[in-house]
Amino acid sequence: MKVQRWTRTSMLFTSGTGVVALALASVPLIFDSDVVQKLTNLLILVILAAMWNALAGYGGLLSVGQQAFIGVGAYGTVFFAGLGVSPYVAMLLAMVLAGAVSVPISLFALRLRAAQFAIGMWVIAEVISILVRLDKNLGAGTGISLIQMNQYAPNFRQAYTFWMALGFAVLFLAALFFLLRSPLGASLQAIRDDEDAARSLGVRVASRKRLLFVLAGFGCGAAGVLIVANTLFIEPGSAFSVQWSAYMIFMVLVGGLGTFEGPILGAILLFAVQTIFTQGGPWYLVGLGATAALFALLLPRGLWGAIEERLGLRLMPVGYRVVTSSKQEEASA
Amino acid sequence: MSLVNAIVQGIFLGAFYAVLACGLSIMFGVMRIINLAHGDVAVLGAYLTFVVVERTGASAFVAFAVALPVMLLLGYVLQLTVLERSLKSGILTPLLATFGLSIVIQNLLLVAFSPDVRSLGGSAGAFTTASWHVTGELSISALGVLVLVVAVVVFGALQLFLSYTRPGWAMRATAEDPDAAELVGIDSRSVYARATALAVAIAALGGLFLGIRSVFDPVSGPTQLIFAFEAVVIGGMGSLWGTLLGGIALGLAQTLGAQLHPQFSVLAGHLLFLAVLVARFGGARLTLRLAR
């Protein structure tokens, strides 16, 4: 029996993504700021989808409260910028803050299972939201602007934010990619497939889950940072909205839960849907909710899972594939 | 004396949460799943009652009696279409499917009823605003007493149903071990469908009380779900009477928290919920360590 990781297609595609990332970097030089802002949103969606998938797809942790870290990232940026540091330094600090906050939360949240974890995280997000609302320095319930960004000309500001979004997206996708390919990744995929079986084989399930949880804390914090940098205004109602979880669930379920490529595909699909239905409205959300539910019931590994199964296609290989089965070897021998 | 009043109001509020949480507790007890659309189902019940009141001019309680069979049927259909399928595929699928359902219900309500807030208070009769002033600070509202009595009756009736009727035994047997129950001729599909129908109907009762006590709008559901789930967890998941006590504990936390500062009300409830989770799951580990 022979196993391989890379195929010609996946090598071409993975190096292709590197080229795409480089090409994307030139976007602010070519397009106007409206396009740049839209594409920044797409990159934010990619980060969010990848992080939610890391939790649910590999850790079996279904969180309805990742908006807690989005809010901490966004409000952290405003808070640190208010202390007088450069807004871009404030963004990095805020992302680190979100990652740091996820450590104590993980100590207790990871003990919870299924619905307790899902709603427990939601309540934690609500608690942080209430605490922000109680703080007048953070604009209480009415929101606050990131005024320190006004020192930069709008075009440059938009370009910097885009590059930052691109950098974060590449960073977090690469981190996840190499994490999943490392020996650690094999244990993560074992947890995804069967947690109890993995534990019985000696996988340290708790510490692996903590790793994913903290990574997702950083990633969702980065997304929150980018959201406030992109819109320059934040209020608790939108930063801590459970709507973020709805978007993440939609992207990952439609794209493909537990696949590396799927959430990226899901983010692009959600972005396309948002661009088509710009006015939003309730029917659009009815469609999103119904689609997510139908995928959960009928196609649990999403579009990408179905593509993988049918075509055996792997563009960003995080696992191995059997090239020749032992039967064929016997026949050839 | 205001402290005594806060405690009395907390018990009344808690009884309301217990009614909201009852269906969630039944579904978890029988099928080990949490319906994330439970709060939206309650709000749907409130809207259905509201529509009947608008069309006929009947009292909210009469209108609810009309809405009740519709909600029972809805629960039955919900189980057979969405939940039954999701039960077969892992512990995350029911959560994902019902979360999607929650978004669908909220936005369909938005389409049908606009984002305006509604209330059933005006159509529930004069007695719902009546109250007895025991002393200057302590007042007991008729509505509070009604909700408390109804909560105790609902939980009591469920206990009698589970203890003394054949369908109740079937439900307990299925909850204990669905495969073994099948062996003695119990159809677990229909037991599950009946449990969900019951859960949805009681959620609608919670929606009725929500509408009479205060106001509701199409996106009121998630908050009700969180409160209901907190009541279930505080009381101990899988315990029916625990849910009643858990609801009352949550109500007390909220009214006592509001005594400190009006904005602490909901926060105090959340903190009690998180503290219970820490005590139950964090504490277990602590004792394990000590035992070693």
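## Where the chains meet

The contact draws 35 residues from chain A and 33 residues from chain B, with two residues counted as in contact if their C-beta atoms, placed from the backbone, lie within 7 Å. On the side of chain A that touches chain B, the elements giving two or more residues are helix H6 (114–134), helix H12 (243–255) and helix H14 (282–298) of chain A. H6(A) supplies the largest share of that side, twelve residues. By type, the residues on this side of chain A are 29 nonpolar, four polar and two charged. Here Ala, Val, Leu, Ile, Met, Phe, Trp, Tyr, Cys and Pro count as nonpolar, Asp, Glu, Lys and Arg as charged, and the others, Gly among them, as polar.

This is a predicted model, in which local features need pLDDT of at least 70 and side-chain atom pairs count only at pLDDT 80 or more, while totals for chains, interfaces and linings use all residues. Residues are numbered from 1 along each chain as its sequence is written, and chains are lettered from A and ligands numbered from 1 in the order in which they are written.

## The fold of chain B

Chain B has eleven helices and two strands; helices (H or I, at least four residues) and strands (E, at least two) are DSSP runs, numbered from the N terminus. Starting at the N terminus, the order of elements in chain B is α-α-α-α-β-β-α-α-α-α-α-α-α.
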